[in-house]
Amino acid sequence: MKGEREVKNGVSEEEREVKRKRVMERSDSPPPPLGFNNPLLPFANAYDDDNNQQNKSQTRCNVVAKGEGNGNKVKGEAQVEVDDDEDDDDDASKGRGKHSRHVEVRRDCPYLDTVNRQVLDFDFERFCSVSLSNLNVYACLVCGKYFQGRSQKSHAYTHSLEAGHHVYINLLTEKVYCLPDSYEINDPSLDDIRHVLNPRFSRAQVNELDKNRQWSRALDGSDYLPGMVGLNNIQKTEFVNVTIQSLMRVTPLRNFFLIPENYQHCKSPLGHRFGELTRKIWHARNFKGQVSPHEFLQAVMKASKKRFRIGQQSDPVEFMSWLLNTLHMDLRTSKDASSIIHKCFQGELEVVKEYQGNENKEISRMPFLMLGLDLPPPPLFKDVMEKNIIPQVALFDLLKKFDGETVTEVVRPKLARMRYRVIKSPRYLMFHMVRFKKNNFFKEKNPTLVNFPVKDMELRDYIPSLPRAPEGENVCSKYNLIANIVHDGKPEDGYFRVFVQRKSQELWYEMQDLHVAETLPQMVELSEAYMQIYEQQEE
């Protein structure tokens, strides 16, 4: 078999080894190593620049058939696989079924000055602009367009001849090539493009994020804060933007998704897209001070079966619940295993249920990720000034629902009296103010204002029956507000915005899509709170 392959290729193994050494000597240094393997590589279909999958499988079958005739089926199949692995990065060879030379690596490319970083945008789906295929896609570093392949019949090769654009980067392997000469470019000046294409963090950098006070500068000269960048509203997607901005303040969750090795076992694209979006938001070397969550939204639409999609307004509370539960199911390694989601947000309730006419009580325990707080009904009549008075209520009164003594009556599925008691408080406590209710005709909104503390909320004062931590555990029952999602306007035509805290300086910022502005803590308390996230203080 070995002799047949040498005769077919016309090159002996010794000659191939000499050529390989000669190419390696031309390169001053090897290509720059990647910080880590791209976490999206398992979701990309393998694609050969020169031979498609059908030709490769046909060649493998022919060699296996020859092996059967000689009694060496296993040997013949292994030889073909070795050849495919050796020639993964090779150039195209005209008229040959196999590659016979390696890609040349050079540092002296004369076209590097044509690279235009102003037009590069890696936030959108990586599809070829001609064939709309996501296989083996390259980005033109001169005009920013995406093209498939780099062989002589590929769209990238044709574009390089027609437009005179010669520098391309593979969006998965991050290797840069010059077309139509088809040699690899090894130049450290392109590292900033690789970092924008696939941001990477070391564990030391992750631990220092909350201490960073430095601003970053975009290519257009504008300044932005890493982690406080605006998110593009593609079309009625502000419910996604406020949810993402809120979750970015949850430190353990953020740190977990900044390191792709933590979730490399995850088989769902949603988890990897969420991690990619997290790294882009906190990256300090972006070319622009904003991020578009387009790829993440595509993964959301697919995972939710278009329950949440672009162009249709949805509720951030429903989206938050769906996202956290879906990420938990994708990240867990077994059916009963925990995840970073439950470690951050999961608490436990004791539920006492009493049915009318039945003296027996049903006592059960129920985990929760979010607590729903019932607002008092607004007044039905106007005052003497012909205006409706907007009532106010304290968070203390709303949390009485979970003290274990207050009775809540429910109608469905059966008339019953319920009592709830928090027996385990999570590290991050989420509240949901039930403002919207649907009747048979329209959707109505409760405008009641909630007075809540921004800092040092003692949960034990609100829920006296909260059990104390076991001996030896330093668990504090005080919480600080880190994110507050509010709703403004009418139920159908309103919009969402969010107030978030920057921990490095304890400053508050108001964020609404691309708008990011510093605000006072007093302004946070005057808004119509809809969903809040409190962080447990450390002893």
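1. Helix 11 and helix 12 (residues 316-331) bring their axes within 12 Å and cross at roughly 80°. That makes helix 11 roughly perpendicular to helix 12. Angles of 65 to 115 degrees count as roughly perpendicular, under 35 as roughly parallel, over 145 as roughly antiparallel, and the rest as oblique. Axes are lines fitted to C-alpha atoms, for helices over the stretch in contact, with angles running from 0 to 180 degrees between N-to-C directions. Helices (H or I, at least four residues) and strands (E, at least two) are DSSP runs, numbered from the N terminus.

2. On provenance: this is a predicted model, where local features need pLDDT of at least 70, side-chain atom pairs count only at pLDDT 80 or more, and totals for chains, interfaces and linings use all residues. Residues are numbered from 1 along each chain as its sequence is written, and side-chain values use heavy atoms, with hydrogens and water left out.

3. Back to the helix 11 and helix 12 pair. Phe296, Val300 and Ala303 in helix 11 meet Phe319, Trp322 and Leu323 in helix 12; contact means heavy atoms within 4.5 Å. By class, this contact has 6 nonpolar, no polar and no charged residues. Ala, Val, Leu, Ile, Met, Phe, Trp, Tyr, Cys and Pro count as nonpolar, Asp, Glu, Lys and Arg as charged, and the others, Gly among them, as polar.

4. Helix 10 (residues 269-282) and helix 11 (residues 294-303) have axes that come within 9 Å and cross at roughly 160°. The two are therefore roughly antiparallel to each other. On the helix 10 side, the contact uses Pro269, Leu270, Arg273, Phe274, Glu276, Leu277 and Lys280; these meet Glu295, Phe296, Ala299, Val300 and Ala303 in helix 11.

5. Helix 9 packs on helix 10 at an angle of about 105°, with the axes 8 Å apart. Helix 9 and helix 10 are therefore roughly perpendicular to each other. Helix 9 contributes Arg254, Phe257 and Leu258, while helix 10 contributes Gly271, Phe274, Gly275, Thr278, Arg279 and Trp282. These residues divide into 4 nonpolar, 3 polar and 2 charged.

6. The structure holds 7 cavities of 30 Å³ or more. A cavity is a set of points, on a 1 Å grid over the protein atoms alone, where a 1.4 Å probe fits but cannot get out; lining residues have an atom within 4 Å of a point. Grid points are joined across faces, edges and corners, and a volume is the space filled by probe spheres set on the points.

7. The largest cavity contains about 190 Å³ of space. Its lining has 16 residues, with Leu209, Asp210, Trp282, Arg502 and Lys503 nearest the centre. Helix 9 (251-258) and strand 23 (495-502) each supply at least two lining residues. The lining divides into 7 nonpolar, 4 polar and 5 charged residues.

8. The second largest cavity holds about 110 Å³ of space. Its lining includes Leu120, Asp121, Phe122, Asp123, Lys280 and Phe287. By class, the lining has 6 nonpolar, 2 polar and 4 charged residues.

9. Two backbone points. The peptide bond from Leu179 to Pro180 is cis, with omega near 5°. Pro180 lies in the loop between strand 5 (176-178) and strand 6 (183-185). Asn136, a residue other than glycine, has a positive phi near 55°. Asn136 sits in the loop between strand 1 (105-106) and strand 2 (137-140).

Note on methods
1 Å grid on protein atoms, 1.4 Å probe; cavity = no way out; pocket = protein on both sides within 12 Å on 5 of 7 lines; lining within 4 Å.
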